[in-house]
Amino acid sequence: MSVAHAAEVNIYSGRQEELIKPLLEKFTADTGIKVNLITGKPDELISRMLSEGRNSPADILISTDVGRLYRAQQQNVLQSINSEALTQAIPAALRDPAGHWYGLTMRARPILYVGGKVKPEELSTYEDLASPKWRGRICVRSSDNIYNQSMTASIIAHDGVTAAESWAKGLVANFARPPKGGDRDQIKAAVAGVCDIAIANTYYLGGMLADKNEQAVAQQVKVFWPNQADRGAHINISGAGIAKYSPNKAAAIQLLEYMVTAEAQQWYAVANHEYPVISSGKLSDILQGFGEFKADQLSLEKLGELNSDAIRVMDRTGWK
Ligand SMILES: [Fe+2]
């Protein structure tokens, strides 16, 4: 006896539900494919997939930061897929060359500064943040945060591990306080006078500008795009891969392909003040206000590869 199953896709998501749910509902309305969303901490979702093994119901893993997607691939919970639609839509640097994960939104981690405390002409590169002129003036979160690990990995990729270690040492010496809190807390600390510069992802500043309660604080902070004369500003992705034992693989690929359509990209990127990965993608008004910039073209896979080196560098230099 054959039983007809309604088509469905199961997502394990390391992203907040509100940032993705409306998109999934639209997909279901358009295709009739039901989407079941399980939200959790990315590393816990990976562990869950590992312990479920072949019986895992997961079809798609969604995560922020390439460092985690790479980790998922290394733990062997993702499978390589080949999709013309995905490779056409997503620039090569923003996806795994072997097809295990694909960037779905892009995020940037530039230098943020308090207007009046820092002149933009005093700023130049990430490397320059290690200069003694910034002693006691920089706020950034802790080294156990994957965004900082990926940023440090990018310095290793471009400057080498020895130069990255002296950079990290100089940067740590310039911290205004031992790292604490998330990216938003660094922005708030800068405005409160704890430091003059914060390193943070732009969507946090975007979120604050869009929030009536935080807008007055956020308006005092400006974006500086570093390394514009050379490689460009450090970027990262949120992205997804197909689970190794995906029971609904065809529908899962269909969903990823849906997420890079112009309509989906616009909603997904704008909802969290991120950048679309497709070239024709629209930006939120707030992001447009941060100005155009040159993004580092480094293949993001490199950041995953260099993650453990980055952690070692940060450890050795006392980045708490
Ligand atoms: Fe974040």
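## Terms and model

A residue is called buried when its relative accessible area is under 20%, exposed when over 50%, and partly exposed in between, with a 1.4 Å probe and protein chains only. The model is predicted: local features need pLDDT of at least 70 and side-chain atom pairs count only at pLDDT 80 or more, while totals for chains, interfaces and linings use all residues. Residues are numbered from 1 along each chain as its sequence is written, and side-chain values use heavy atoms, leaving out hydrogens and water.

## Disulfide

The whole structure contains 1 disulfide (a pair of cysteine sulfur atoms within 2.5 Å). Cys139 and Cys195 form this link, with their sulfur atoms 2.1 Å apart. The link is left-handed, at -110 degrees about the S-S bond. Because Cys139 belongs to strand β7 (residues 138–139) and Cys195 to the loop between α7 (183–191) and β8 (197–199), the pair ties together parts 56 residues apart in sequence. Helices (H or I, at least four residues) and strands (E, at least two) are DSSP runs numbered from the N terminus.

Cys139 has 1% relative accessibility and therefore counts as buried. Cys195 is buried as well, with a relative accessible area of 1%.

## Iron site

Tyr147 (OH), Tyr203 (OH) and Tyr204 (OH) coordinate the iron ion at 2.0 to 2.1 Å. Donors are N, O and S atoms within 2.8 Å of the metal (3.2 Å for Na, K and Ca); water is not among the atoms, so sites may look incomplete. Along the chain, the donors have the spacing Y-x55-Y-Y. Tyr203 and Tyr204 are both buried.

## Pockets

A pocket is an open set of points on a 1 Å grid over the protein atoms alone, where a 1.4 Å probe fits, with protein on both sides within 12 Å along at least five of seven lines; lining residues have an atom within 4 Å of a point. Grid points are joined across faces, edges and corners, and a volume is the space filled by probe spheres set on the points.

The largest pocket has a volume of about 570 Å³. Of its 26 lining residues, Gly14, Gln16, Thr64, Tyr147 and Tyr204 lie nearest the centre; Tyr147 and Tyr204 are also among the iron donors. Helices α2 (42–52), α5 (146–159) and α8 (202–209) each supply at least two lining residues. The lining divides into 8 nonpolar, 8 polar and 10 charged residues, where Ala, Val, Leu, Ile, Met, Phe, Trp, Tyr, Cys and Pro count as nonpolar, Asp, Glu, Lys and Arg as charged, and the others, Gly among them, as polar.

The second largest pocket has a volume of about 290 Å³, and its lining has 13 nonpolar, 3 polar and 1 charged residues.
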